[in-house]
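Here is a friendly walk through one protein model, written to be read with the structure open beside you.

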Amino acid sequence: MNIFILRDEEQFVQTGASLISGLLHTNPRATLGLATGSTPIGLYAKLIEMNKQGLVSFSQATTYNLDEYVGLPENHPESYRTFMNEKFFNHIDIQIERTHVPNGNAANLEEECLNYDRMLEEHGPVDLQLLGIGHNGHIGFNEPGESLTGGTHLVELQEKTRTANARFFPSLDDVPTHAITMGVASILKARQILLLVRGEDKAEIVHRALKGPITTECPASLLQCHSNVVVLLDQGAGRLF
Ligand code: GLP
């Protein structure tokens, strides 16, 4: 595992963007696993800038997002599909039909999960999977517990997660209670994983995940089982390393 503690925001996003653009230079048809949350926004902004300057192209790339809320209309301002369109896809040269986000409104959610896994199998493995981490150690929406699920599945969100994400909604009651998420096995199938963590408030959980025991009680700790993980930390998140 390669852990880098970056000096400032510019170095943080530049390092992440270089990894992704380097991959796309070598393999323009790469499959990218993408994440939402506030952490990757700067990286997406940097990639948009590079795309506009002709330094990287997404025209042949395929993307799969990790997760989506259940029950929010696709065009809801806080759906992860809206997030990805507004923060990234609408501003780059990607073919929108090659972008995939689980459908949290599918009539049959179980079928949707199976379909998502089928598509991942077909287009996979993901060449580079971008990840953030939740305050409770979740990746995607794989919440801590006695067990974890391998494939894409429906999950009930923990209070800690709903509370953390309530800042994007009018009130806690408006935060969905369920989500669809890729499972840990699907995530670990990626050829390379790029974990981004920012902020002092994530210092303890990221240290526990990367240096503590491997346990389902901290889903991100399973990343220790992967042979090609790059971790970018800002000064705050890297405080305990
Ligand atoms: C959500 C997403 C995760 C993300 C996490 C952290 O719960 N499902 O994929 O990593 O938030 O978000 P943030 O970067 O805003 O702290």
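## A central strand

Five of the six residues of β9 are buried, so this strand is largely enclosed by the rest of the structure. Here "buried" means that 20 or more other C-beta atoms lie within 10 Å of a residue's own; "exposed" means 12 or fewer, and "partly exposed" is in between, with C-beta atoms placed from the backbone. Helices (H or I, at least four residues) and strands (E, at least two) are DSSP runs, numbered from the N terminus.

Before going on, please keep in mind that this is a predicted model: local features need pLDDT of at least 70, side-chain atom pairs count only at pLDDT 80 or more, and totals for chains, interfaces and linings use all residues. Residue numbers start from 1 along each chain as its sequence is written.

## The sheet around β9

Which strands does the open sheet contain, and in what order? Its seven strands are arranged β1-β10-β9-β6-β2-β3-β5, with parallel pairing. Two strands count as paired if DSSP finds at least two bridges between them. At the edges are β1 (2-5) and β5, each of which pairs on one side only.

Strand β9 (residues 192-197) runs parallel to β6 (residues 128-131), and four bridges join them. Gln 129 has Ile 193 of β9 as its bridge partner. With β10 (residues 229-233), β9 pairs in the parallel sense over five bridges, and Leu 196 stands opposite Leu 232 there. Together β9, helix α7 (residues 203-211) and β10 form a right-handed β-α-β unit. Right-handed means that, with the strands pointing away from the viewer, the path from the first strand over the helix to the second runs clockwise.

## The nonpolar core

The largest nonpolar core has 63 residues, and those with the most contacts inside it are Leu 131, Ile 133, Leu 195, Val 206 and Ala 209. Such a core is a set of buried Ala, Val, Leu, Ile, Met, Phe, Trp, Tyr and Cys residues joined through C-beta atoms within 7 Å.

Take Ile 133: not counting residues up to four places away in sequence, its contacts include Leu 195, Val 197, Val 206 and Ala 209. Two residues are in contact if their C-beta atoms, placed from the backbone, lie within 7 Å.

## Helix α3

Helix α3 (residues 80-87) has four residues to look for: Tyr 80, Arg 81, Phe 83 and Met 84 are its buried ones. They cover an arc of only 160° around the axis, which puts them on the same side of α3. That arc is taken from the directions from the helix axis to the C-beta atoms. An α-helix has 3.6 residues a turn, so residues three or four places apart point the same way. The buried residues of α3 pack against β2 (31-34), β3 (62-65), β4 (67-69) and β5 (99-100).

## Antiparallel strands

Strand β8 (residues 178-181) runs antiparallel to β4, joined by three bridges, and Tyr 69 has Ala 179 as its bridge partner in β8. Four bridges join β7 to β8, again antiparallel, with Glu 156 partnered by His 178.

Val 155 sits in β7 and counts as buried, with 22 C-beta neighbours inside 10 Å. Val 155 and Phe 141 are 14 residues apart in sequence and 7.3 Å apart in space, C-alpha to C-alpha. Beyond four places in sequence, Val 155 is in contact with Phe 141, Glu 143, His 178, Ala 179 and Thr 181.

## Annotated positions

The unreviewed UniProt entry annotates Asp 67, Asn 136, His 138 and Glu 143 as "active site". UniProt positions are given in the numbering used here, feature names are shortened, and annotations may be inferred rather than shown by experiment. The entry also lists residues 17-228 as "domain: Glucosamine/galactosamine-6-phosphate isomerase"; the end C-alpha atoms of that span lie 17 Å apart, and the span is 31% helix and 15% strand.

Are Asp 67 and Asn 136 buried or partly exposed? Asp 67, in strand β4, is buried, with 22 other C-beta atoms within 10 Å. Leaving aside neighbours within four places in sequence, Asp 67 has contacts including Tyr 80, Gly 140, Phe 141 and Ala 179. Asn 136 lies in the loop between β6 and β7 (153-156) and is partly exposed, with 17 other C-beta atoms within 10 Å. Not counting residues up to four places away in sequence, Asn 136 touches Glu 143, Pro 144, Gln 158, Lys 160 and Thr 161.
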